[in-house]
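I opened this structure to look up a few local features. The entries below follow the order in which I went through them.

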Amino acid sequence: MVYPDKAVMEGVAQATGMAEVKGRSLWSDAVTRYSRNRAAVIGLVVLIAIILFSLFGGFFAAWSNEEIDWGRMGNIAATGAPSFENGHYFGLDDLGRDMYARTVQGTRISILVGLVGSFVAVVVGTLYGAVSGYFGGRTDQIMMRTVDILMSIPFMFVLILLLVIFGRSIGMLFVGIGLISWLDMSRIVRGQTLTIKNKEFVEAAIATGVKPMRIVLRHIVPNLLGIVVVYATLLIPGLIITESFISFLGLGVQEPSTSLGALISKGASQMQYGVIWQLGFPLFFFLVTLFAFFFVGDGLRDALDPKDR
Amino acid sequence: MSPILSVQDLQVTFDVRRPGSWPWTPPRKLHAVGSVSFDLAPGECLGVVGESGSGKSTLARAIVGTVPSSGGKILWEGQDLAAMDSTKRRTHRRDVQMIFQDPLAALNPRMPVGEIIAEPLITHEPNTPRAEVKKRVAALMERVGLLPNLINRYPHEFSGGQCQRIGIARALILKPKLVICDEPVSALDVSVQAQVVNLLMELQRDMGLSMIFIAHDLSVVKHISDKIVVMYLGRVMEQADARALTTVPEHPYTQALISSVPIPDPRREKARKRPVLEGELPSPLSPPSGCVFRTRCPKAQPSCAGDRPAMIDLGSGHRVACPYHEAQQVLAAAI
Ligand SMILES: Nc1ncnc2c1ncn2[C@@H]1O[C@H](COP(=O)(O)OP(=O)(O)O)[C@@H](O)[C@H]1O
Ligand code: SF4
Ligand SMILES: [Mg+2]
């Protein structure tokens with residue numbers, strides 16, 4: 001008889017006393033692949049730098065974001081240019097406030113909008129899509145038609161309406177963006193769920209008698225997380241752009257709060273007076289943030305789905 | 001002894017829609033399994049043989065309960081599966097476990113093997129203390145020939161044979177009464193196949209398991225089975241004791257299957273006259289009328305296209321679905 005082999009059994013007996021070996025999960029493989037992708041690593045470093053800037057940049061500011069520099073306020077074009085001597089590293093805005101402090105504040109709000117929207121998309125979209133795809137049949141029909149209907153509503157219109165009716169506030173903006181951001185995610189997740197639920201390991205769980213909701217949470221969702229993480233990362237810059245557009249229309253966050261979009265909008269309207277720094281700095285941070293997110297998202301896609309390369 | 005599992009005239013049909021067809025056109029019926037009957041005694045092993053697409057996996061799924069049957073009965077310890085309430089159904093699920101063909105695909109890639117093996121236990125005995133779960137998993141890993149210190153590894157870090165051992169451990173942790181092995185060695189290297197089959201035989205003997213062992217290859221099944229069912233296009237062609245079926249096969253299809261197994265001795269292999277199977281398996285959506293095997297049968301008669309041939313009982317459990325059956329002893333030496 002081939003089994004049990006004496007040598008094997010001795011090996012087993014020896015190994016029983018041995019320490020447990022740590023497993024190499026698919027996630028740790030992905031980390032290795034990600035770290036080999038130079039563009040993605042640079043994107044991540046830049047992104048971390050920007051987030052640190054938005055969180056702690058205020059400590060290095062000589063002026064707060066509300067103080068008005070009365071001495072220079074009258075003649076911004078001539079005296080409000082960026083300068084290290086007077087502490088206005090990024091210059092002054094049209095009201096005599098410190099652009100550095102304003103940019104820190106705006107970056108923070110813009111990234112927050114992106115992260116919150118994307119978080120809602122991950123939680124709501126993943127659960128909704130996974131449940132719809134896994135249970136299938138009538139449940140799936142109803143849930144997905146609902147998404148179709150919601151998607152057919154011009155969301156920009158609804159968002160603007162919300163902001164007009166309930167007043168412009170950052171809370172309303174979060175609600176509005178949260179309402180729409182999960183729709184695409186739920187569709188993507190549902191499609192992926194349909195593939196995963198036909199895999200044999202799901203059948204094995206069903207045959208054993210594992211309860212349906214537990215199958216969704218323990219077998220389906222963990223196998224979706226790759227695509228969810230990638231899509232969520234790529235969703236953030238989209239949401240930042242949406243917020244900027246609304247702010248550009250003058251409907252976004254309200255003074256004295258600000259966002260990159262609001263700053264760009266203001267800067268663009270003042271450009272004709274020769275105060276280009278009011279546009280340049282927010283625009284620079286806006287673009288660098290977007291690129292950093294795109295690079296990180298692409299890097300994640302390659303790292304988590306090696307077959308796609 | 002009363003059978004632990006009794007399958008009576010089981011039918012499984014799938015609704016198949018052609019892609020792009022209108023929602024109101026009625027779906028076509030695919031008879032994946034048509035009237036299969038057998039009894040399985042405790043501790044017994046039933047082999048199921050047939051080419052790919054003959055409905056073996058579907059039969060297994062119907063018994064496990066992951067596809068609904070559309071006719072016939074499955075009696076588990078005398079009770080009809082379809083008539084069971086949900087509590088009884090759950091106990092049935094813990095008594096019947098399955099081992100799958102593709103060992104890697106049957107394991108969740110995001111779970112460490114310790115959790116995979118423990119899942120049935122946690123599902124049915126959720127109050128087991130963690131230390132106890134771990135102890136049982138480790139003991140079982142050792143029993144199936146895996147190093148217990150690999151408990152935190154992930155499936156992709158194992159070879160095919162090791163993955164199948166993980167699948168076996170998962171199937172055995174609840175000490176089930178019946179284990180259904182759906183082509184457990186077809187995806188493995190030949191050298192590993194023997195090890196896994198031997199492990200299964202040993203476990204079956206030690207734990208007193210009943211077993212249904214599915215394969216497309218008669219030589220694997222013959223080793224391990226007490227009885228064998230030969231299927232073709234969802235229908236049973238012949239069923240008998242393993243010894244009777246392999247030494248005196250009556251049905252032309254069984255004879256063809258046996259003759260497709262090569263003889264290790266090249267001289268005898270060359271001298272052998274073998275009725276090789278010609279042609280393709282017909283589409284299960286439109287099976288041939290009468291005897292489903294007639295398009296490839298070397299002995300086919302015009303009358304074979306008429307009615308479905310009835311099962312002929314030859315005594316001592318030997319049944320054959322061909323009126324022109326005749327024992328062919330010549331082939332007996334082949335395997
Ligand atoms: N879920 C399903 N829906 C439709 N047809 C199916 C389904 N599962 C299996 N079939 C069909 O049933 C037949 C038998 O399949 P299967 O039981 O997997 O055969 P085997 O395991 O013997 O290879 C095949 O023709 C297959 O296409
Ligand atoms: S019934 Fe006719 S076609 Fe079918 S196996 Fe017998 S001889 Fe062949
Ligand atoms: Mg199969």
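**Ligand 1**

I started with the contacts of ligand 1 and found one of its oxygen atoms 2.6 Å from a backbone N or O atom of Gly53(B). This is a predicted model, so I read each distance as a property of the prediction.

I then looked up Ser54(B), where a polar backbone atom is 3.2 Å from an oxygen atom of ligand 1. For Ser57(B) I noted a side-chain contact: an N or O atom there is 2.6 Å from an oxygen atom of the ligand. On its own, ligand 1 has 560 Å² of accessible area, and I recorded that the protein covers 66% of it.

**Ligand 2**

I repeated the listing for ligand 2. Around it I found His251(B), Pro252(B), Cys291(B), Phe293(B), Arg294(B), Cys297(B), Lys299(B), Ala300(B), Cys304(B), Cys322(B), Pro323(B) and Tyr324(B). I sorted this shell into nine nonpolar residues, two charged and one polar.

**Helix H6 of chain B**

I checked the length of helix H6 (residues 190-207) of chain B. It has 18 residues, and at 1.5 Å a residue these should span 26 Å; the end C-alpha atoms are 26 Å apart, so the two values agree.

Which residues of H6(B) are buried? I noted Gln193(B), Val196(B), Val197(B), Asn198(B), Leu199(B), Leu200(B), Glu202(B), Leu203(B) and Gln204(B). I also looked just past the helix, where Gly208(B) takes a positive phi of about 65°.

**Ser132 of chain A**

My last entry concerns Ser132(A), which I located in helix H6 (residues 99-135) of chain A. Is Ser132(A) buried or exposed? Its relative accessibility is 0%, and buried means under 20%, so I count Ser132(A) as buried. Leaving out residues up to four places away in sequence, I found that Ser132(A) touches Asp140(A), Met143(A), Met144(A) and Arg190(A).

Methods
Residues are numbered from 1 along each chain as its sequence is written. Chains are lettered from A and ligands numbered from 1 in the order in which they are written. This is a predicted model: local features need pLDDT of at least 70, side-chain atom pairs count only at pLDDT 80 or more; totals for chains, interfaces and linings use all residues. Side-chain values use heavy atoms; hydrogens and water are left out. A polar contact is a pair of N or O atoms within 3.5 Å; within protein, one must be able to donate a hydrogen and the other to accept it, and residues adjacent in sequence count only if both atoms are side-chain atoms. Accessible areas come from the Shrake-Rupley method with a 1.4 Å probe; for residues, only the protein chains shown count as cover. Helices (H or I, at least four residues) and strands (E, at least two) are DSSP runs, numbered from the N terminus. Buried means under 20% relative accessible area, exposed over 50%, partly exposed in between (1.4 Å probe, protein chains only). Contact means heavy atoms within 4.5 Å. The expected span of a helix is 1.5 Å times one less than its number of residues. A residue is near a molecule or strand if one of its heavy atoms lies within 4 Å of it. Ala, Val, Leu, Ile, Met, Phe, Trp, Tyr, Cys and Pro count as nonpolar, Asp, Glu, Lys and Arg as charged, and the others, Gly among them, as polar.
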